[in-house]
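Colleague: I am new to this one. Could you show me how to read its features, one at a time?

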Amino acid sequence: MANKGPAYGMSRDVQSKIEKKYDDELEDRLVEWIVAQCGAAVGRPERGRLGFQVWLKNGIVLSRLVNSLYPDGSKPIKIPDTPPTMVFKQMEQIAQFLKAAEDYGVIKTDMFQTVDLFEAKDMAAVQRTLMALGSLAVTKNDGNYHGDPNWFMKKAQEHKREFTESQLKEGKNIIGLQMGTNKGASQAGM
């Protein structure tokens with residue numbers, strides 16, 4: 001990666017707004033979930049944005065997290081025996097996590113870019129992706145989620161309704177308010 005100097009003017013303003021979106025309390029909750037989901041073997045990061053970024057940077061913790069959401073025998077990411085040390089291998093591991101998270105059901109707009117994590121450009125986006133992944137895991141309720149289900153909000157689920165033929169015919173006799181109403185007025189202006 002190229003060396004970056006200090007940001008000035010509008011670039012600094014934009015970066016400071018991005019950094020303000022990072023939530024320290026959310027970081028604590030995400031760390032608790034990752035440790036509960038993957039086990040104590042993943043360790044714990046130092047507190048703060050930088051510690052969180054360094055913990056996730058090589059992609060191994062993220063890969064273990066997404067693998068733990070799948071049943072045994074269908075793990076989507078192959079985790080190397082030793083953590084990768086080369087930059088492109090680490091970024092490749094993060095990209096594999098993003099692909100697996102998308103396959104799991106996280107929508108593209110909730111995903112961070114590899115550079116957001118690797119260069120700590122937008123750690124709030126990383127938090128959003130992990131929140132979306134946790135919400136999906138709680139919603140699926142397939143037995144692979146570990147931790148407190150109250151840490152994440154359940155996603156809305158489809159509630160399909162069935163109507164009988166007679167109910168559908170009755171609905172045709174009602175004029176919906178979308179059609180407009182005259183509120184009882186007549187042509188005489190009363």
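What follows is a short tour by question and reply.

Modeller: Start with the source. This is a predicted model.

Colleague: Which residues does the UniProt domain annotation cover?

Modeller: The unreviewed UniProt entry carries the annotation "domain: Calponin-homology (CH)" for residues 24–137. Over residues 24–137 the chain is 61% helix and 0% strand. The end C-alpha atoms of that stretch lie 22 Å apart.

Colleague: Take a helix, then. What span does α2 reach from its first C-alpha to its last?

Modeller: Compare the span with what 1.5 Å a residue would give. Helix α2 runs over residues 24–38, which is 15 residues. Its span is 21 Å, close to the expected 21 Å. After α2 comes G39, with a positive phi near 100 degrees.

Colleague: Which residues of α2 are buried?

Modeller: Buried means under 20% relative accessible area. In α2 the buried residues are L26, E27, L30, V31, W33, I34, V35 and Q37. Their cover includes α3 (49–56), α4 (60–68) and α7 (123–140).

Colleague: Let's move to the core. Which residues touch the most other members of the largest nonpolar core?

Modeller: The general idea: in soluble globular proteins, nonpolar side chains tend to be buried together. Here the largest nonpolar core has 41 residues. I34, F52, L56, F97, F112, L130 and L133 touch the most other members. Two or more core residues come from each of α2, α3, α4, α5 (87–104), α6 (114–118) and α7. The largest share, 10 residues, is from α7.

Colleague: What does I34 touch, leaving out residues up to four places away in sequence?

Modeller: I34 touches G39, V42, W55, L56, V61, L65 and L130. Two of these names, L56 and L130, are also on the list of residues that touch the most other core members.

Colleague: Why is α7 called largely enclosed by the rest of the structure?

Modeller: Count its buried residues. In α7, 16 of the 18 are buried, so the helix is largely enclosed by the rest of the structure. Its span is 26 Å, close to the expected 26 Å. N141 follows α7, and its phi is positive, near 50 degrees.

Colleague: Now a single side chain. Is Q93 buried or exposed?

Modeller: Read the relative accessibility against the cut-off. Q93 sits in helix α5. Its relative accessibility is 5%, so Q93 counts as buried. Skipping residues up to four places away in sequence, Q93 touches N58, G59, I60, S63, I77, K78, I79 and P80.

Colleague: How many salt bridges does a search of the whole structure find?

Modeller: Look for a side-chain nitrogen of Lys or Arg within 4 Å of a carboxyl oxygen of Asp or Glu. The search finds seven. One of them joins D72 and K75, with the closest N and O atoms 3.5 Å apart. K121 and E119 form another, at 3.7 Å from N to O. R128 and D122 also pair, with the closest N and O atoms 3.9 Å apart.

Terms used
Residues numbered from 1 in each chain as written. Predicted model: local features only at pLDDT ≥ 70, side-chain atom pairs only at ≥ 80, totals over all residues. Heavy atoms only, no water. Helix = DSSP H or I, 4+ residues; strand = E, 2+ residues; numbered from the N terminus. Expected span 1.5 Å × (residues − 1). Buried < 20%, exposed > 50% of the residue type's maximum accessible area, 1.4 Å probe, protein only. Contact = heavy atoms within 4.5 Å. Core = buried A, V, L, I, M, F, W, Y, C linked by side-chain atoms within 4.5 Å. UniProt positions renumbered as here; feature names shortened; annotations may be inferred.
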